[in-house]
Amino acid sequence: MKLEGSHQIEASRERVHQSLVNPEVLQRCIPGCERLEETGENTFAATIRAGVGSIKGVFNGTARFEDLREPEHLRIVVDGKGAPGFLKGSSDLDLE
Amino acid sequence: MIPVEFDYKVPATLDEAIALLASDLDGAKVLAGGHSLIPAMKLRLAQPQLLVDIARIKSLSYIREEGDQILLGATTTHYQIESSDLLKTICPLLPECARSIGDVQVRNKGTIGGSVAHSDPAGDWPAAVLALDAEFVLVGTNGERTEKAEDFFVDLLTTSLLPGEILREIRIRKPSGRFGQAYQKVPHPASGFAVVGVAVNLVLNDDGSCKSAGIGITGVAVKAYRAHAVETALAGTNLDDNAIAAAVEHVCDGINPNTDLYASGDYRRHLAKVHTRRAIQSAKARVQ
Amino acid sequence: MTDNYVGKRVKRTEDPRLIRGLAHYVDDIALPGTLHVAFVRSYYAHAKINSIDTEAARSAPGVVAVYTGQDVSGKIGPVPCAGALPDLKVPDHRVLATNKVYFVGHPVAAVVAKDRYAARDAVDLIMVDYEELPVVTDVEEAAAGGPVIHDAFSDNIAYRLTSGEGDIDAAFAAADRTVKQRVLHRRLAPIAMEPRGVLARYFPGEEELTLWSSTQIPHLMRTQVALMIGIPENKLRVITPEVGGGFGSKLNVYAEEALLGWISMQLGKPVKWIETRRENIQATIHGRGQVGDIEIAFKNDGTLTGLRYSVFADLGAYHQLLTPAIPTLTGLMLSGAYKIPAIQMNITACFTNKMATDAYRGAGRPEATYIVERGLDLVAAELGVDPAEVRRKNFPQPDEFPFHTATGLDYDSGDYETALNKAQEIAGYQQLREEQKKGREEGRLIGIGVSTYVEICALGPSQAMPAGGWESATVRIEPTGKVTILTGASPHGQGQETSFAQIAADELGVNINDVTVIHGDTGIVQYGIGTFGSRATAVGGTAVFIAIQKLKEKAHKIATHMLEADASRVSFEGGKYSFEKAAAAAAAGTSDPVVPVGEAPAGALPEPQTDGKSSLTLQDIALAAHVAKNLPPDTEPGLSATYFFEPKNFTFPFGTHIAVVEVDRETGDIKWLRYVAVDDCGKVINPMLVDGQVHGGIVQSIGQAMYEEVVYDEQGQLLTGTLMDYAVPRASHIPNFELDRTETPSPVNPLGVKGVGEAGTIGATPAIVGAIVDALAPFGVQHLDMPIKPENVWQIINRG
């Protein structure tokens with residue numbers, strides 16, 4: 001699945017970038033993210049409850065930052081395993 | 001292909017069903033025909049803890065003409081709609097759409113309410129109920145409310161049903177005047193679902209020009225949708241080939257058509273235009 | 001033969017029980033105390049297994065045992081591969097993954113529980129710690145380098161092979177023209193209606209193991225599994241109950257068969273595993289999987305001078321029984337129905353992170369026919385001649401058979417031109433071409449495809465087969481005159497219970513209802529090779545036929561003795577041995593009481609009444625042979641004969657298929673107009689069975705040509721994992737078939753039978769693709785790869 005979109009946020013790029021790399025904020029930004037604990041530099045243990053309609057599952061795994069270029073870009077890579085299988089995704093965020 | 005263990009209850013009345021759902025808002029799921037839910041359960045993609053079987057609540061299954069309304073009970077099966085002489089006369093889009101669903105066995109179990117509540121992006125019913133501007137009656141512990149079809153289908157496999165609510169009736173304004181209807185579908189060769197499905201409810205003025213058109217499209221986007229741009233473009237025209245051809249160019253306005261293993265987004269867009277055109281022409285030819 | 005049954009559309013004796021739901025498939029066999037097995041399978045295409053946590057599963061309700069690769073490695077031998085090729089790399093593939101997984105679906109652990117629900121639930125409790133490894137899915141990339149799948153090897157190339165005869169370079173150098181085309185054979189899933197299943201029951205006291213398995217090769221599988229799990233072969237009994245289709249996918253020895261047998265021995269209880277459809281698509285062998293270039297050299301007048309095929313074969317991650325051998329079968333049939341003096345095939349066979357490929361209806365030969373036929377179409381297009389004519393020009397003539405090909409084969413018999421003419425006549429070929437021309441002027445896109453195929457089957461001479469190519473039969477006449485046939489063939493839908501009974505009934509002059517054909521039980525039937533490669537009737541039926549001749553020789557001897565006659569004056573007809581003493585008998589006033597076959601005499605077996613008789617029924621003889629009071633000297637009692645038939649050659653069925661389609665300019669939809677097939681499978685025992693085989697074969701061809709494709713993504717994830725995505729043709733997808741036949745007997749066996757099980761699948765795909773390509777000829781299209789979907793067609797029409 002590929003999702004694309006853009007959002008307007010009333011704040012400076014620096015402020016948005018710094019917020020996003022803060023795990024407490026980031027956790028609230030990832031839908032279904034029940035747990036995000038820092039385990040190393042730019043790496044986190046994550047529990048994500050994901051689903052569409054009646055198809056739901058809980059995935060345990062990692063989230064990490066890549067390609068951090070403050071204030072314009074970051075990538076979040078997620079990798080989790082759960083009963084329904086596994087979940088892998090990456091999100092490229094460009095702040096303009 | 002074995003589901004996770006679940007509880008199974010058969011309420012005798014709708015009120016009982018609602019109470020059961022309320023007892024476990026997160027883990028309870030309504031079961032009607034089961035042909036969307038049970039495959040998901042067998043693949044363990046859905047793991048409800050409690051199935052509330054409403055298929056046996058006789059009062060939820062009916063096809064009625066009341067005044068200027070057609071009322072369909074939510075657990076009316078596809079087959080019942082397909083074979084209804086009443087509907088063949090007063091709203092043939094419904095039997096035509098029903099007949100295109102799955103196969104004989106599926107049509108004997110699947111229900112219009114279940115199909116609509118599941119909101120499969122390639123399901124047939126959503127296109128038809130959108131074209132007919134249907135209204136849904138939803139019931140929960142907080143009582144009843146109605147929702148227009150277009151507001152009901154929110155996203156991929158997601159509707160505006162609140163946890164604990166059951167869709168109990170589908171209301172359709174009886175087509176009147178000079179109307180013609182058609183359902184065109186390109187079935188996926190494996191699943192039988194709509195690669196593209198177009199439902200058209202066309203109403204003409206006395207002079208043969210287009211008074212209004214309801215056009216529901218499925219299979220193309222994350223959910224079924226009304227092709228308003230096409231409807232607007234058709235209104236007032238004399239529905240000649242050029243007018244129709246020009247109108248259907250807009251069938252995917254604002255939509256990013258799905259790409260999957262079977263068909264690309266570009267091809268879907270093309271099929272949507274072709275089959276919307278064919279559906280409009282077919283509906284027009286059927287106007288009395 | 002009395003010709004009462006052979007050649008007639010006799011209804012199948014198998015059908016009443018199948019239609020009424022009274023047959024027994026593996027899952028219908030219920031043994032008390034059966035435990036159920038469910039598998040944990042990898043969802044990564046390539047990964048190291050760091051650890052497997054089975055604690056929660058072991059203590060889950062109803063779970064009796066959990067096994068992982070660690071538990072069984074060293075105790076169960078590797079899954080066997082019978083393909084022997086020079087320098088073939090054979091990975092050590094075990095029944096459960098040991099240190100890594102290398103395809104999605106690779107079994108990692110087995111849960112044994114008191115019912116299938118508990119087993120399935122416990123699967124979800126097993127946590128495997130995988131460490132992903134890079135994945136290689138493209139066969140050409142695998143050949144060029146890429147991550148190496150098997151640590152024991154330095155690359156992913158399982159083998160390279162060059163085959164063929166004639167001076168290929170000279171052929172191309174001398175040619176007036178050449179054509180070249182890249183051709184894809186995408187992977188297919190055989191999708192037998194019944195997935196696999198195994199029930200194993202060990203009796204610890206008797207130390208006997210019985211395996212019920214949905215297989216095509218009970219005896220071969222018995223030998224292999226006995227070796228794998230270390231049980232004496234004569235303590236292992238394999239039974240094939242009803243099998244719901246195989247198509248080659250059950251011509252194999254699978255991990256689950258050995259593992260279930262071993263588990264039953266460990267636990268002393270019956271254990272059962274029934275494959276789900278998802279498992280079936282993941283972990284039952286796939287068919288096809290070739291990508292290569294065909295080049296044909298020819299003269300300006302259309303005479304073919306040479307053919308070269310350079311191909312990458314996608315074997316999958318490891319070898320099942322015949323995985324590496326399948327592409328070599330392609331090489332054998334690259335001469336097609338034509339005289340081609342020089343042929344060369346170059347195979348680079350590679351490992352990829354996908355399920356193993358192996359035999360699927362046609363097993364390498366559909367690929368060959370497809371390549372050659374597409375090539376002939378290109379030749380015809382290049383020369384501007386009708387595709388049927390360029391084919392006709394290159395046929396060997398009937399008097400040139402046995403016809404030696406530059407692939408090293410001797411085609412047994414053939415009359416390709418008669419089949420072509422017949423097909424063209426039925427189709428109204430000239431008229432079709434005229435309609436097509438007229439249609440094109442009106443903007444209609446009608447296409448006509450022609451395939452003149454020949455295929456190799458009735459496998460085969462044992463020299464050329466990995467584990468024997470003969471077939472066995474025992475034919476017995478019981479004391480009451482009933483006929484019992486034990487065949488080493490293993491029909492799984494083909495209908496030999498009926499067709500062998502037809503042969504026996506005619507040969508023995510008995511009622512077909514008095515003949516029983518038994519197969520698929522190694523405890524009852526003598527060793528046999530099994531059913532695959534369209535061999536059951538040509539090889540198995542011949543064994544039955546010859547066994548019956550031996551039986552008749554003995555019966556004749558007994559009859560002669562009992563009739564006290566001169567052997568040369570005793571003849572057999574209508575189920576009776578008669579002596580020309582009619583005049584004397586009439587004079588003596590004796591009548592010839594005949595005990596009708598089928599009626600057992602009431603009470604104790606009577607003495608055969610032969611005094612004064614001038615004829616004896618076969619039943620009389622059978623009874624006498626068992627009661628044994630009046631047998632000729634040096635004659636064993638009993639009336640049975642066993643024969644192991646070793647064929648001297650393969651057989652080569654052939655035919656012409658003509659497909660006619662019309663393409664919708666707007667949507668690319670492909671509509672069927674006509675389908676004509678004239679097939680020659682030699683002598684026909686039961687035309688209804690032959691028609692059924694052709695129908696089924698054509699439908700699977702339609703599947704390959706237009707609908708089916710196993711798709712893995714670059715991560716090796718199987719995207720077509722259920723029948724919601726993998727499109728097997730429905731009734732609404734197929735045309736009416738107009739079938740006919742020619743009958744060119746095979747000299748290879750006394751029945752004259754060639755075999756037909758795979759012919760439809762081999763002959764049809766090129767006709768179908770040829771028709772679609774022909775429809776798009778106005779757009780300059782020369783070739784399209786399968787499956788050809790409406791979108792592919794639309795793109796061509798749209799851009800052109």
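## Reading two interfaces

Reader: How many salt bridges are there between domain 1 of chain B and domain 2 of chain B?

Author: Between domain 1 of chain B and domain 2 of chain B the count is 0 salt bridges. Keep in mind that this is a predicted model.

Reader: Which helix gives the most to the side of domain 1 of chain B that touches domain 2 of chain B?

Author: That is helix H1 of chain B, residues 14-23, which contributes 5 residues. By class, this side of domain 1 of chain B has 8 nonpolar and 3 polar residues, and no charged ones.

Reader: How do I read the area buried between domain 1 of chain B and domain 2 of chain B?

Author: Here is the general idea: the accessible area lost when the parts come together is often used to give the size of an interface. For these two domains of chain B the buried area is about 1000 Å², and carbon and sulfur atoms give 85% of it. B:Leu14, B:Ile18 and B:His35 supply 42% of what domain 1 of chain B buries there, more than any other three residues.

Reader: What is the area buried between chain B and chain A?

Author: About 680 Å² is buried between chain B and chain A, with 65% from carbon and sulfur atoms. On the chain B side, B:Leu45, B:Leu156 and B:Leu157 supply 54% of the area buried against chain A, more than any other three residues. Between these chains the count is 0 salt bridges. The side of chain B that touches chain A has 5 nonpolar, 1 polar and 2 charged residues.

Methods:
Residues numbered from 1 in each chain as written. Chains lettered and ligands numbered in written order. Predicted model: local features only at pLDDT ≥ 70, side-chain atom pairs only at ≥ 80, totals over all residues. Heavy atoms only, no water. Buried area = accessible area lost by both parts, 1.4 Å probe. Salt bridge = Lys/Arg side-chain N within 4 Å of Asp/Glu carboxyl O. Helix = DSSP H or I, 4+ residues; strand = E, 2+ residues; numbered from the N terminus. Nonpolar A, V, L, I, M, F, W, Y, C, P; charged D, E, K, R; others polar.
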